[in-house]
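Colleague: I am new to this structure and would like to learn how to read it. Could we go through it together, beginning with the ligand?

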Amino acid sequence: MTCPPSAEPAIRVEDLWFSYGRRSALEGVSMEVAPGSFAALIGPNGAGKSTLLRLLLGVLKPQKGEISILGRKPGHQGQPIGYVPQGIRLPRGFPLSVQDVVVMGRYGNLGFFRRPGPQDRTRSHEALDSVGMLPYAERRFEDLSGGQQQRVLIARALVADPCLLILDEPTAGLDPAARARFYGRVCDLQRARGLTLFCASHDVEDVAQHAQVLILLDHRVRAMGPPQ
Ligand code: ADP
């Protein structure tokens, strides 16, 4: 699937405030991310990056300010957003195959009590193929390397046909070569599908090579623009 061109920004945030009790996380954050672009959110620990991602995903609600994702409020049903976490921890003694983990990404499309059908399996295979992990479909997820697990988590996000992919420190724990391969791969997907990428990262050097826009966050937006 390719994402239709859009006149709306993929992400628009206006004067966003959020605090946990008296601990302030975001103070008047405003930004726009163009559709089809790769924007990287950088900043020190505790800067509010994860809080901003949780607000974009609709897990937290703004205390003040507005967020619009592809022209709609966060958490809107059927909104094509994919989420790639730092990693997932599977319950012990419950060995899931790579394919099982990817099919889990279809649950949003499946609705309650519907079991995955042939179409869900096909979509999962396509998504695994797009990240070069189809040969591993029957392997146990927990036996894969960190880099391979991240590719499977991208596939899991892609099966819902997102136009916006939100990534939270996706290369934490990977070595430099694996990080470069990871970003090369997501950029290929960005171009092929017209995906918007919004990625929180510590690896300023890595994302600066791939992203079109860097957003430096430290409770507020301190700087925003092309990497150079
Ligand atoms: P980052 O992802 O950039 O490290 P966070 O969004 O996790 O930043 O944190 C921003 C601030 O909010 C920090 O001061 C952090 O301690 C605080 N914070 C984050 N999550 C919680 C929480 N669940 N409860 C209380 N404070 C939190």
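Modeller: Let us begin with a single contact, bearing in mind that this is a predicted model: an oxygen atom of the ligand is found 2.7 Å from a polar backbone atom of glycine 46.

Colleague: Which residue has a polar side-chain atom 2.9 Å from an oxygen atom of the ligand?

Modeller: That residue is lysine 49, whose polar side-chain atom lies 2.9 Å from a ligand oxygen atom, while at alanine 47 a polar backbone atom is 3.1 Å from an oxygen atom of the ligand.

Colleague: Which residues surround the ligand?

Modeller: The surroundings of the ligand are formed by Tyr20, Arg23 and Ala25, together with Pro44, Asn45, Gly46, Ala47, Gly48, Lys49, Ser50 and Thr51.

Colleague: Turning to the helices, how are two packed helices described?

Modeller: The description uses the angle between the two axes and the distance between them. Here, the axes of helix α5, residues 146-158, and helix α6, residues 176-193, come within 11 Å and cross at roughly 20°. Because angles under 35 degrees count as roughly parallel, α5 and α6 are roughly parallel to each other, and α5 passes α6 in a right-handed crossing.

Colleague: Which residues make that contact between α5 and α6?

Modeller: From α5 come Gln150, Arg151, Ile154 and Leu158, and from α6 come Phe182, Arg185, Val186, Leu189 and Arg193; the residues of this contact divide into five nonpolar, one polar and three charged.

Colleague: At what angle do the axes of α4 and α5 cross?

Modeller: The axes of helix α4, residues 118-130, and α5 cross at roughly 135° and come within 8 Å, which makes α4 oblique to α5. The crossing of α4 and α5 is right-handed, and Ala127, Leu128 and Ser130 of α4 meet Val152, Ala155 and Leu158 of α5. In this contact of α4 with α5, the residues divide into five nonpolar, one polar and no charged.

Technical notes
Residues numbered from 1 in each chain as written. Predicted model: local features only at pLDDT ≥ 70, side-chain atom pairs only at ≥ 80, totals over all residues. Heavy atoms only, no water. Axes fitted to C-alpha atoms, helices over the stretch in contact; angles between N-to-C directions. Helix = DSSP H or I, 4+ residues; strand = E, 2+ residues; numbered from the N terminus. Parallel < 35°, antiparallel > 145°, perpendicular 65-115°, else oblique. Left-handed = near helix turned anticlockwise from the far one by under 90°. Contact = heavy atoms within 4.5 Å. Nonpolar A, V, L, I, M, F, W, Y, C, P; charged D, E, K, R; others polar. Near = heavy atom within 4 Å. Polar contact = N/O pair within 3.5 Å; in protein donor to acceptor, adjacent residues only side chain to side chain.
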